[in-house]
Amino acid sequence: MEYTYAAYRNMMKSLKNNGYTPIRFCDVSDEIDYPAIIRHDVDMDLQEAVKLAGIEKNEGIRSTYFVMLSSEYYNLLTGRNLKSAREILRLGHEIGLHFDITAYDAELTINKLGGVLKKEISLLESILDIKVKSISWHIPREDLLGMHLDFLDEMGICNAYDPYFYSGYKYVSDSMMRWREPLEAYIEKKQYKKLQILTHPIWYREIQNMADEEILRENRDKKIDIIGRYLDTIKPGCYSGNSSVD
């Protein structure tokens, strides 16, 4: 499948035409026949996520967008990112927490994980004035893949890597701009009763004219440009205070 908006739109149409019901994590129910959870991990660019959210809205589809609070590429509290997140919600989609465990101490234990997750979930809820109902791991540790965490049940949180979703649904991802399995064939043959489809909005364009490394370099350049614009606002001699320290 090409990484274009047209190809993505066609995949959404194919899901519906072949009897699947595209859903958000917050919509999951055993009463739904042939559910297809549509999930997006927003690692770098919320503006790119809005573009896919609009396509889905036009196709009558609602999905889940997982956003990070510890990304080095975007700050959810800046004006344009906050506006983008709210636009995703306005279009009818769910926003969940994309939790980066690598942002914490390497010795973060399962016992400590619950407390850290609660803090990030509470912060995301406060920023967007929503109830967070789902999470996904960013660069997950192996011990967390397919692990059931009781404290998430107590919090009413769906974990995309819980055994119910990770093993109970056929999980297919476009990680590093590579579909490692024939998703289109799975859909057309209705091969699996339940699908969890993960995409990363950063890969999709009007025309597929860049490889993964080129896209990553493009985003690196965007970050450099933001830093450059900030440096342009700093003028010599703007500080007039006393430099002495008590």
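Predicted model: local features only at pLDDT ≥ 70, side-chain atom pairs only at ≥ 80, totals over all residues.

1. Overall make-up. The protein has 246 residues, of which 45% count as buried. Its secondary structure consists of eight helices and eight strands. Taking contacts between residues at least 6 apart in sequence, 72% of them join residues at least 24 apart.

2. Helix α1 against helix α2. Helix α1 covers residues 5–17 and helix α2 covers residues 46–58; they pack with their axes 10 Å apart and at an angle of about 40 degrees. That angle makes α1 oblique to α2, since only angles under 35 degrees count as roughly parallel. The crossing of α1 past α2 is right-handed. On the α1 side the contact is made by Y5, Y8 and R9, and on the α2 side by E48, K51, L52, I55 and E56. By class, this contact divides into four nonpolar and four charged residues, with no polar ones.

3. Helix α2 against helix α3. Here the axes are 9 Å apart and the angle is about 20 degrees. The two helices are therefore roughly parallel to each other, and α2 passes α3 in a left-handed crossing. From α2, the residues in contact are L46, Q47, A49, V50 and A53; from α3, they are R80, N81, S84, E87 and I88. The contact of α2 with α3 comprises five nonpolar, three polar and two charged residues.

4. Salt bridges in total. How many salt bridges does a search of the whole structure find? The search finds 10.

5. R39 and D41. These two residues form a salt bridge, with the closest N and O atoms 2.9 Å apart.

6. E87 and R90. The side chains of E87 and R90 meet in a salt bridge at 2.8 Å, N to O. Both residues belong to helix α3 (residues 79–90), where they are three residues apart, about one turn of the helix. E87 is partly exposed because its relative accessible area is 26%, whereas R90, at 59%, is exposed. E87 also takes part in the contact of α3 with α2.

7. E125 and K131. The closest N and O atoms of this salt bridge are 3.7 Å apart, which is inside the 4 Å limit for such a pair.

8. R9, K13 and E59. These three residues are linked in a network of salt bridges. R9 is also one of the α1 residues that meet α2.

9. Y74. This residue is found in the loop between β3 (64–67) and α3. Y74 counts as buried because its relative accessibility is 7%. Leaving out residues up to four places away in sequence, Y74 touches V42, D43, M44, D45, L46, V67, M68 and N81. Among these, L46 and N81 also belong to the contact of α2 with α3. V42 is 32 residues from Y74 along the chain, and their C-alpha atoms are separated by 9.8 Å.

10. V28. With a relative accessibility of 23%, V28 counts as partly exposed. Neighbours within four places in sequence aside, V28 is in contact with I23, I37, Y164, F165 and Y169. The C-alpha atoms of V28 and C158 are separated by 9.3 Å, although the two residues are 130 apart along the chain.

How values were computed. Residues numbered from 1 in each chain as written. Heavy atoms only, no water. Helix = DSSP H or I, 4+ residues; strand = E, 2+ residues; numbered from the N terminus. Buried < 20%, exposed > 50% of the residue type's maximum accessible area, 1.4 Å probe, protein only. Axes fitted to C-alpha atoms, helices over the stretch in contact; angles between N-to-C directions. Parallel < 35°, antiparallel > 145°, perpendicular 65-115°, else oblique. Left-handed = near helix turned anticlockwise from the far one by under 90°. Contact = heavy atoms within 4.5 Å. Nonpolar A, V, L, I, M, F, W, Y, C, P; charged D, E, K, R; others polar.
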